Amino acid sequence: MSTPANAAVRKNKRSFPEWLRSRDGQKVLVMMAFLIIPMVLLMVFTYIPFAEMVRYSFYNMKYVGARKFVGMKNYIKVFSRKDCFGALKLSLYYMGGSVVQLSLALYLATILSFKVKGGSLFKGFMFFPFLINGIAIGFIFKFFYTRGFVFDTVLQWCGFSLDNLPYWLKDRSINNISLVGTSVWRYFGQNMVLFIGAIMSVDNELYEAAMLDGANRFQQFKYIILPSIKTIFVLNVILSISGSLSAFEPPYVITDGANGTGTYFVIMHQIAHTQQKVGLASAMAVVLLLIIFTVTILQKLFFKYVFKDSVE
Amino acid sequence: MTFMEKSGKIVLNVIKYLSLIFFSFWALLPVVSCVITAFKTDREYQETNVMVLPKSWLNFDNFVNAFNKAGMGRAFINSTIILVCVLLFSTVIGTQLAYVLNRFKFPGNTLIRNMFLFASMLPGVAMQIPVFEIMYKLHFINFLPGYITVMCGTDVIAIYIYIQFFENIDISLDESAIMDGASYFTIFYRILLPLLKPAIVTSCILKGVGTYNEYYMANLYLQDKTRFATVATSLYTFVGPLGSKYNLICAGVIISLLPALIVFIACQKQIYSGLTSGAVKG
């Protein structure tokens, strides 16, 4: 065995091909070979576009043709045009929806994590909507909400009269709620599965001990289940806020943003790909990204602070 | 057990099962109503209420029509090609990346992890504005390999699943192989990759369902729907003049979600565990 000093001297004396054949050389070689493709993909399809997007936001441009530097004009437009920034108001509906969705998921996960007859069947039924492709969902709900079709029929079974029912996708007082409903429908099962996973990761002995100590169901929920899913619950709350701000799919596939259902991203999509105002759309994207980052950081700090408090 | 406790338990059970039945009903209703309608003839569809069962459950005319009208034969071939390539490449890329990030300590390791994490936070719809321009410059529009390349990009969830799995494989395995003179390539391909199989299966199922269902980028980058439609985008055929023939549309919709349903029935456990392990880490 050589001393470290000796090794260092030897290392310096090695020729390049020798170094390549050594362990260190092999290591670097493998790292390069394994990292180069994912890093190139990450650069070409995420970081370069990201930088480009920030640059575009200062230009008046289309995908092809001349571009003109306009400074902050696009950003001023984002805030002054009625259809741009105002569309963010719609995300309140989606936030409301995610509150419903998360509580529903938590409730059902609690039920399903105890012994239930046919539990995996129920779980499968409620989870399956998550696996349906977006376009199919669009058609399914256009059909579902059509006047006199599925939803109206079921409500009529429950005693409602068709004359009192609104047009679910046209009526401006209700159509955003109808769309949010589709999003809850699609994702509550997935949230539920995540929560069940977290609850199941708790050692079973804990429940048995709690039972022996005479804890009732509610106490079990509060002291065992809730702490066990804290991390994933907080994560989902954070995701749901940024998800609501960037809500896109339900209006895009079902109403195409008609009748006041165009969320911020649907408007941005139209401005970018239909009207080809790439600069303005980029500015919209940058503004929303800044908002999302701010909100995410604030939330993280908030939860850190709150939970630290509760531990002490 | 006292009477109170007993009756309390019964009430709790009733509430429990009623909730499960109620929410399962709403989860299934939109899809089941589509199945009912898909089996109706044009006349039945016009004359009966949507929730009235079809006369014959063997009327497959709508399915055949929808399949032909939307060119779903071509679409299934395209989707299969895309699926196989994306899964193959993203598995190779993802496992290799996770191997380097987990087994090698080097400056920049954390930076790379954070770069992937940050990338996953950028909303796809917004990012496609500049990506579209890049795809255009690379001549990747209406080019299957181009779309496949974009789909192989960053996938943090898979990387997390792999890294988590590597953490549970004892590093002494690597070390003893090194003692025996194995190269890093050999260690990765001969020793670690076979051990990684469960993680690969899990993330392939998740990524597979995601890829099969992807329509936004497919619609942007594979615009020539006669040649390059995927199963999801082939459904766009029904937008427009056919837009009110719901017996036909529902049949198309059902065909498009059959593969996902089959995979779901076959691999429920892996899907659940994959989602959970990916989410907890993220």
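Biologist: How many aromatic pairs does the structure hold over all chains?

Modeller: This is a predicted model, so local features need pLDDT of at least 70, side-chain atom pairs count only at pLDDT 80 or more, and totals for chains, interfaces and linings use all residues. Residues are numbered from 1 along each chain as its sequence is written, chains are lettered from A and ligands numbered from 1 in written order, and side-chain values use heavy atoms, with hydrogens and water left out. Rings of Phe, Tyr and Trp (its six-membered ring) pair if their centres lie within 6.5 Å; planes under 30 degrees apart are stacked, over 60 edge-to-face, the rest tilted. Over all chains, the count is 52.

Biologist: Are the rings of Tyr252(A) and Tyr216(B) stacked, tilted or edge-to-face?

Modeller: Their centres sit 5.7 Å apart. The planes are at 70°, so the pair is edge-to-face.

Biologist: And is Tyr216(B) buried or exposed?

Modeller: Buried means under 20% relative accessible area, exposed over 50%, partly exposed in between (1.4 Å probe, protein chains only). Tyr216(B) has 8% relative accessibility, so the residue counts as buried.

Biologist: What about Phe39(B) and Phe60(B), how are those rings arranged?

Modeller: The ring centres are 5.5 Å apart. With the planes at 70°, the pair is edge-to-face.

Biologist: Which ring does Lys123(A) lie over?

Modeller: A charge sits over a ring if NZ of Lys or CZ of Arg is within 6 Å of the ring centre and within 35 degrees of the ring normal. Lys123(A) is 4.2 Å from the ring centre, over the face of Tyr272(B).
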